Amino acid sequence: MKNNRYVAVYARQSVFNPDSISVDDQIEKAKKLADDETVVIYQDKGYTGANTHRPDFQRMMKDIQAGLIKQVIVWKLDRISRSVADFSMMISVFRAYDVSFSSVSEPCLTIDDNPFGKAMLQIIMIFAELERDNIQARVRENYYSRLELGMLCGGSAPFGFERT
């Protein structure tokens, strides 16, 4: 079974933003690292990286545990996770099933026993989680500011009113 293992490319985008890299672009960039290997695509559009409750992420992890995957490639580390705890769990599974990990944007990262590589992964994950927390704080602050100004903060306009 190990000889028939394939490369997994994982891509995620929580919300469409014309200024960010699309899932399709992430996949194309990641496939270039696969070196003509068989590649299977896993993608979660519209899902946060704050947790692992993503359909294709879960499918990929099951395929790893089934011994089907030999390498996971992402465009950027924060596409696969924005949680230090979830990332640590994921890397433990990768190691247990002899799966390597590569990031197009952070080629120096490694999950092998290299102390420097492991430290870099943890530092980058801390910043990914920090960015997630900052985004949540900005959204929350914007929501309450809109409330104070009497603006609608989501949902439909009440019956008899139009949203402007």
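A surface patch is built from residues with over 30% relative accessible area and no salt bridge, where nonpolar side chains (Val, Leu, Ile, Met, Phe, Trp, Tyr) are joined within 5 Å. The model is predicted, so local features need pLDDT of at least 70 and side-chain atom pairs count only at pLDDT 80 or more, while totals for chains, interfaces and linings use all residues. Residues are numbered from 1 along each chain as its sequence is written, and side-chain values use heavy atoms, without hydrogens or water.

I123, F127 and L130 form a nonpolar surface patch of about 300 Å². I123 lies in helix α5, residues 115-148 (helices are DSSP runs of H or I with at least four residues, strands are runs of E with at least two). With a relative accessible area of 41%, I123 is partly exposed, that is, between buried (under 20%) and exposed (over 50%), with a 1.4 Å probe and protein chains only.

Helix α2 (residues 55-65) holds the buried residues D56, F57, M60, M61, D63 and I64. They are on the same side of α2 because they cover an arc of only 160° around the axis. These buried residues pack against β1, β2, β3, α3 and α4, contact meaning heavy atoms within 4.5 Å. Just after α2, G67 has a positive phi of about 80°.

M60 and I64 are among the residues with the most contacts inside the largest nonpolar core, which has 20 residues. Such a core is a set of buried Ala, Val, Leu, Ile, Met, Phe, Trp, Tyr and Cys residues joined through side-chain atoms within 4.5 Å. Helix α4 gives the most to this core, with five residues.

How values were computed
Patch = residues over 30% accessible without salt bridge, like charges linked within 9 Å, V, L, I, M, F, W, Y side chains within 5 Å. Areas by Shrake-Rupley, 256 points an atom, 1.4 Å probe, with all protein chains shown as cover. Salt bridge = Lys/Arg side-chain N within 4 Å of Asp/Glu carboxyl O. Arc of directions from axis to C-beta.
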